[in-house]
Amino acid sequence: MAGLAIALGLFSFAFAIHLIVWRSGLPGRQTRTLLFLFGTVLAGGLFFFSVRPQVLDSIGLYAIGPWEAAQAAAIYIALMLAYITTYSALEVDSPSLVIVHAVFGAGETGISREEFERTMSAEVLIDPRIKDLIRDGMAKLENGRVVITPKGMRIARIFDVYRRISAIEGEGG
Amino acid sequence: MAIQGNPEVLRLLSPVIAMGVNVLGQVTSKRLLFKRVAVLKSEAFGFALGLAAVLAVNWDQWSTCCLELSELWAGLISDMLLYGLLSYCYFHFVNLSVTARRIRILRDLARAGADGLSRDELIAHYGPADIVGIRLGRLLGSGQIVQRDGRYYGGRRFPVYWIAQAVFLMKLLVMGKRSEFE
């Protein structure tokens, strides 16, 4: 359980730093910054606990061996990946969640499809996502046209292969 | 049957092995059992198989090795947490492949090749009406919203309504705003 306790402690520390940094100002490359921040805390934390085992003694945990350190790292990395995966839902507005929020908010009045299409335009639903792809190097603008980059092609292929293997029908989206 | 090998290595690898079982189970069941239904059923099936693998490895370790009962529980909690977190990440990957706008746009761009697409062409392939229509269809199909006389009303609150509330709260906590457009 020492590995679990260390992982949870380090993750909580990293999350607190993340909140402080984000409230000071959103970084440009948010996912990349998250990976750097959480990765640094993990590396620093494991190094600290390996050279200062008396810190663990003072909080009632015994000094950890390499397997427990590996377990702590594995749990921390899984927590980090799970959070960064969730973060994509925080970074952008999910149309499904916006629809559900609006429908329940409308109560007995309800909402028509036309009202959705009026507020959920291409400027809201498409343009920001194209900008994201360009910002992340997966697409570029050439002569007013959006062109995929080699990085974008690799990502697209991964999902194409997965959809084919899983026999997922339809175009998706 | 005893699983041979270093118990500590097995303990560390068991959630990863279970993820392999999960992914294989999900993909195979989608192709063979859940062909025409939403991918969610295959994800639940794969998750259950992987969970059984975690339990099987822990049981084998306990019954053939020298673990105390307290060590078994500690190991089981860690393994199930790790497996749960990895499964959550995989669930999101599957979700991205089915529903994400960026991935759909990227796949359309990949098909267009070196010529790319103009903004109008992108919208013609996959526009706001498609995005709203697909999502309304999914939400109606799962009963999260209902339709009466051409208007939409709230249906079952679990789980999407509560997920929406949680996400809005997290946005406020982390970003200090409810929407990317604020």
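**Helix packing between the chains**

Let me start with helix H8 of chain A, where Arg129(A), Ile130(A), Asp132(A) and Leu133(A) meet Arg101(B), Arg102(B), Ile105(B) and Leu106(B) of H4(B). Contact here means heavy atoms within 4.5 Å. Helices (H or I, at least four residues) and strands (E, at least two) are DSSP runs, numbered from the N terminus. Sorted by class, the contact of H8(A) with H4(B) has 4 nonpolar, no polar and 4 charged residues. Ala, Val, Leu, Ile, Met, Phe, Trp, Tyr, Cys and Pro count as nonpolar, Asp, Glu, Lys and Arg as charged, and the others, Gly among them, as polar.

Before going on: this is a predicted model, in which local features need pLDDT of at least 70 and side-chain atom pairs count only at pLDDT 80 or more, while totals for chains, interfaces and linings use all residues. Residues are numbered from 1 along each chain as its sequence is written, chains are lettered from A and ligands numbered from 1 in the order in which they are written, and side-chain values use heavy atoms, with hydrogens and water left out.

Two packed helices are described by the angle between their axes and the distance between the axes. Axes are lines fitted to C-alpha atoms, for helices over the stretch in contact, and angles run from 0 to 180 degrees between N-to-C directions. For H8(A), residues 127-135, and H4(B), residues 101-112, the angle is about 70 degrees and the axes are 10 Å apart. H8(A) and H4(B) are therefore roughly perpendicular. The cut-offs are under 35 degrees for roughly parallel, over 145 for roughly antiparallel, 65 to 115 for roughly perpendicular, and oblique for the rest.

The next pair is H4(A), residues 66-91, and H3(B), residues 69-99, whose axes come within 9 Å and cross at roughly 30 degrees. That makes H4(A) roughly parallel to H3(B). The contact of H4(A) with H3(B) has 12 nonpolar, 5 polar and no charged residues.

**Single residues**

Which residues does Ala78(A) contact, leaving aside its neighbours within four places in sequence? They are Leu82(B), Leu85(B) and Leu86(B). Ala78(A) lies in helix H4 of chain A and is buried, with a relative accessible area of 2%. Buried means under 20% relative accessible area, exposed over 50%, and partly exposed in between (1.4 Å probe, protein chains only).

Ser118(B) sits in the loop between H4 and H5 of chain B. At 17% relative accessibility Ser118(B) counts as buried, and, not counting residues up to four places away in sequence, Ser118(B) touches Gly144(A) and Arg145(A).

Now the backbone. Asn143(A), in the loop between S2 and S3 of chain A, has a positive phi near 50 degrees without being a glycine. Is Asn143(A) buried or exposed? Asn143(A) is exposed, with a relative accessible area of 81%.

In chain B, Asp149(B) lies in the loop between S1 and S2. Asp149(B) is not a glycine either, and its phi is positive, about 50 degrees. Asp149(B) is exposed, with a relative accessible area of 81%.

Last, the peptide bond from Phe158(B) to Pro159(B) is cis, with omega near 0 degrees. Pro159(B) lies in the loop between strand S2 and helix H7 of chain B.
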